Amino acid sequence: MTTLHLWTVLTIVSMAAVTYLLRAGGYWLFRTFKPSPGLQSMLTYVPGALFVSFVVPSVVAGGVKEWIAAAVTVVVAVMTRSIVWPIFAGTATAWVVWMLA
Amino acid sequence: MTPSAEAPVTFTAAGFRLGAQRCVPMLIGLFPFGLVAGVTAQAHGLSLAEASLMSGLVFAGSSQIVTLGAWTVPASIAAATLTCFIVNLRFMLMGPLLAPWFDNVHGWRRWFTIGFLVEHTWALALKEIEHGNRDAAFFLGAGVLTWLVWVVTTIAGFLLGEIVAPAAGHPLFFAALACFIAMLVPMWRGKQDLIPWAVAAIVAIAVSRELPGTSWHIVAGAIAGGFAGYLRDRRARKSTERAQ
């Protein structure tokens, strides 16, 4: 349970190092090479586009359960402007659809 | 730029606490994600210590789960590192938007704090920056609490996996996706987002079908959507210039 294999630890450290370099590296690159106004205007659209790219393929690749639950999550998020309620409502919906199927 | 953007950036304990507080609702979405990471690590023969170490150091759920899915004994350093690189490439696009905070703090306050960058803390931070919060410790507070919960839920998932392995399609896991949807909805700024978001969705779906199990679709969708937004802004600017 508490064993640590050297090779596994090295692999984990390498995974962590590359992940850190990506976290700090994007920021560092933009800081060092000042982006043009065009690139900056592009960047203001990145948050929404990035989350859309995360969410939409997962929902589409799911089944009826995910489609209905995602729709409920969106509606509750629009209505409540909260994080908690959409998660509960969406997950509960997924559960109900799963039990009915 | 909001007028308060000119105020000096601070790094206070109060900012740290506010960050931790604000991220509490997100943590519900993190639970199932951490459980999956723990269960997957257990199923692929990692020890509890190794699983906790991975969550503690890598702190990026989807890359951990994808890497573990192709885990071999002994582990392949090259394959695991390359997988992490591909899945986490999106962080490169996310970091620059935190410049209003990180450009104005130095040393560990910048380079240690940025290590806590994940979607959850990032989305929270962008909203704070937009509302004129100038306390960069907000990011550390949100990050440290998210990190703690991430490691604890990984351990819980690992122990759970030793008793019962929950099926992959269990509706409980929808909570992770629901959390992302709940973060996405308030990002809608109005009509100007319509085409960029649609472009992002179409590109992301197409790329995810071609390259499953990676995060190229996220990188491609974010860049395509961003580019569509850039074109839209440029056209809007030109038509106002013509009107004048």
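Chain A of this predicted model is built from five helices and zero strands. Read from the N terminus, its elements follow the order α-α-α-α-α. The radius of gyration of chain A is 20 Å, well over the 13 Å that the globule rule gives for 101 residues, so the chain is more spread out than a compact globule.

**Chain A: dimensions and domains**

- The C-alpha trace of chain A spans about 50 × 50 × 25 Å along its principal axes.
- Of the 101 residues in chain A, 44% are buried.

**Where chain A meets chain B**

- The contact draws on 64 residues of chain A and 75 residues of chain B.
- On the chain A side, at least two residues come from each of α1 (6-32), α2 (37-43), α3 (46-61), α4 (64-80) and α5 (84-100).
- The most is given by α1(A), with 21 residues.
- Sorted by class, this side of chain A holds 41 nonpolar, 18 polar and five charged residues.

**The largest nonpolar core**

- The largest nonpolar core counts 106 residues, and those with the most contacts inside it come from both chains: V52(A) and V55(A), along with C179(B), F180(B), I181(B), A182(B) and A200(B).
- Helix α11 of chain B (residues 174-184) contributes the largest share of this core, 11 residues.
- If you zoom in on A182(B), you will find that it touches T73(A), A77(A), I83(A), P86(A) and I87(A), leaving aside residues up to four places away in sequence.

- In chain B, the domain assignment gives domain 1 (9-187) and domain 2 (189-244).
- Their C-alpha centres lie 25 Å apart.
- Seven residues from domain 1 of chain B and seven residues from domain 2 of chain B take part in the contact between them.
- On the domain 1 side, α4 (61-69) and α5 (77-88) of chain B each supply at least two residues.
- That side of domain 1 of chain B is made up of five nonpolar residues, one polar and one charged.

**Helix α1 of chain B**

- Helix α1 of chain B (residues 13-22) has G15(B), F16(B), G19(B) and R22(B) as buried residues.
- Looking down the axis of α1(B), these buried residues fall within an arc of 135 degrees, so they line one face of the helix.
- A13(B) and A14(B), on the other side of α1(B), are exposed.
- The packing partners of the buried residues of α1(B) are α9 (119-130) and α10 (137-163) of chain B.

- M94(B) sits in helix α6 of chain B (residues 91-94).
- With 24 other C-beta atoms within 10 Å, M94(B) counts as buried, because the cut-off for a buried residue is 20 or more.
- Apart from residues up to four places away in sequence, M94(B) touches G26(A), L117(B) and W122(B).

Note on methods:
Residues are numbered from 1 along each chain as its sequence is written. Chains are lettered from A and ligands numbered from 1 in the order in which they are written. This is a predicted model: local features need pLDDT of at least 70, side-chain atom pairs count only at pLDDT 80 or more; totals for chains, interfaces and linings use all residues. Two residues are in contact if their C-beta atoms, placed from the backbone, lie within 7 Å. Helices (H or I, at least four residues) and strands (E, at least two) are DSSP runs, numbered from the N terminus. Ala, Val, Leu, Ile, Met, Phe, Trp, Tyr, Cys and Pro count as nonpolar, Asp, Glu, Lys and Arg as charged, and the others, Gly among them, as polar. The radius of gyration is taken over C-alpha atoms; the globule rule is 2.2 Å times the number of residues to the power 0.38. A residue is buried if 20 or more other C-beta atoms lie within 10 Å of its own, exposed if 12 or fewer, and partly exposed in between; C-beta atoms are placed from the backbone. The arc is that of the directions from the helix axis to the C-beta atoms. Domain bounds come from an automatic or database domain assignment. A nonpolar core is a set of buried Ala, Val, Leu, Ile, Met, Phe, Trp, Tyr and Cys residues joined through C-beta atoms within 7 Å.
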